[in-house]
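Open the model in your viewer and keep the selection panel at hand. The tour goes stop by stop.

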Amino acid sequence: MSTSPLPHPSATAPRRRGTGRELWRVLAGRAARLIAGVHQTWRRSLQVRVVTITLVASSLLVGGFAFLIADKITSILLENARTDVRQRLDSGAKYAAKQVNLYGQPQEAQLQETIDGTVNYLAGGDPQQTSGVVVAITADGYPELLQPRTAPAANIQPLISQELRAAVADGKVASQIRTGRLTGHSTKYLVYGSPVPTQFGQIEIYYLVPLTRQDETAADARATVVATGVALVVLLGLLAALVTRLVVNPVRVAARTAQRLSAGLLDQRMVVNGEDDLALLAASFNQMATNLQRQILRLEEMSRLQRRFTSDVSHELRTPLTTVRMAADLIFAERDEFDPAVARSAELLQAELDRFEELLTDLLEISRFDAGFAMLDAEPTDLVPVVHRVVDRLAGLAERVGVPIELDLPDTPVIAEVDPRRVERVLRNLVGNAVEHGEARPVLITLGIDDTAVAITVRDHGVGLKPGEEKLVFNRFWRADPSRARQTGGTGLGLSISLEDARLHGGWLEAWGAPGQGAQFRLTLPARAGDRLTTSPLRLVPADAALPFGGPRDGGPLAIGPGTGGALAIGPAPGTGEHRAEARS
């Protein structure tokens, strides 16, 4: 039969050390999670903090009082025992002196018998025979003539220290507390000694009184004080929890009600009970909620009426606009036969009608966004031809104003699930604005893609944006310079519609600008419809931008783009490290 060799102890040692380290990591992880949970509960719960502080403070206070009371009781018991022993010691010393003074020499035979009788009498004089009191008479000055006598018989030498013997030998009454075994088990004794003067010299009398009864009484007193203190602390904790609950519960109800109100449940109210301060708080909160609901409903009604008015006006203007358009087209077609001034008026009328028609189209689109009727028709689309179509359409404008358009596009198709009509409209607005403000300098269009998103940046080198204007460029009808002559006759709604188109895709439309450095707009869309964006393939701040104050961390240019909230939020742009301000719905 073959046997496998046993592993060497040195081979199993690393395994045991690895197991120990793993166990230590597990315990450390559990302790860290426990501490984190306790810390989180402490931060989040006002009731826990109040109850904990009350328990700690009351425990310290009650513990201090308990210690003082127990110490005082112990001191009183010990002082009573000292007084009682001192009285008996004085009485015993007088009696012993009276008996021993009958003898003039310590060598007399009857002296030892007299001392034995005196000790037995003093011990028998104790009314509590079971108290364990030991009486002893010694003669340290005549050890060879007078032997120590005790009643009852016991070895008292370990309980009488040399210091006590020396003090009594010097004629002083002295005491000490010692622990020893005289009756079979360890007992604490109060030892008192007193000198007894005689005709032939001095002898000493000692009383050894057990403190068992005093210790038991002190222990009972301490236990009673501790139990009372614990009960008081628990009662204070329960009282603090009850009081805190009475105060915190209405606050929690108010917080939950406020959260429901902020979520749009405007009919939520608090229950009002009683007439105290908390009831007044609940009533005031309900009144505030009612006023807010009334105001919000009023604003919603006004907004609905405004949207309906815009939509109705836009639709109603379609018919007269069609009639005016037909007449204007007829006049424009015959302009060569008119006087030059009239012909110029016909051209201006045609241009303004084109702008008016674009404005109506944009207003209808905005009204659909406001009403929530805008729908996304997403399909897999190659964005490279979309960019080329936009550039071809704006080539005439760029040539007229002297702004060259440069492209930085991948050689391979860039496929994304988007609505091509809306993306093309966004790019037309961005490129048109860049050409409009390009100051005869090149406009660069860059297309990038990664695993989750596609991005298009439009960079111009014009006058740029002043500080704070990057938060306003997407506002409706906003213009950086109202006195600036426009080349394209825009409506002032292009960037607002572009922002809504980007938001409808679940994407970002962001802007960067700096005075004298131009501006750059970045459109970032998810590669798959419905995905959530976290980063962008392209930088928002151009690489050639000279950022003031050392960069965005020190207050550099900001960007504005769509998000999911209801206000402007400033933070780092995803994947770029720049700052941006998101316009959120």
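Buried means under 20% relative accessible area, exposed over 50%, and partly exposed in between, with a 1.4 Å probe and protein chains only. This is a predicted model: local features need pLDDT of at least 70, side-chain atom pairs count only at pLDDT 80 or more, and totals for chains, interfaces and linings use all residues. Residues are numbered from 1 along each chain as its sequence is written, and side-chain values use heavy atoms, with hydrogens and water left out.

Select T198. It sits in the loop between β4 (186-197) and β5 (202-210); helices (H or I, at least four residues) and strands (E, at least two) are DSSP runs, numbered from the N terminus. T198 counts as buried because its relative accessibility is 13%. Leaving out residues up to four places away in sequence, T198 touches V100, N101 and I203. Contact here means heavy atoms within 4.5 Å.

Next, select A97, in helix α2 (residues 46-100). A97 has 13% relative accessibility, so this residue is buried too. With residues up to four places away in sequence not counted, A97 touches V196 and P197.

Move on to the cores. A nonpolar core is a set of buried Ala, Val, Leu, Ile, Met, Phe, Trp, Tyr and Cys residues joined through side-chain atoms within 4.5 Å. Select F474 and F521: they have the most contacts inside the largest nonpolar core, which has 39 residues. Then show helix α10 (residues 420-436), which gives the most to this core, seven residues. Last, pick V119, A151, L190 and V209, included in a second, separate core of 28 residues.
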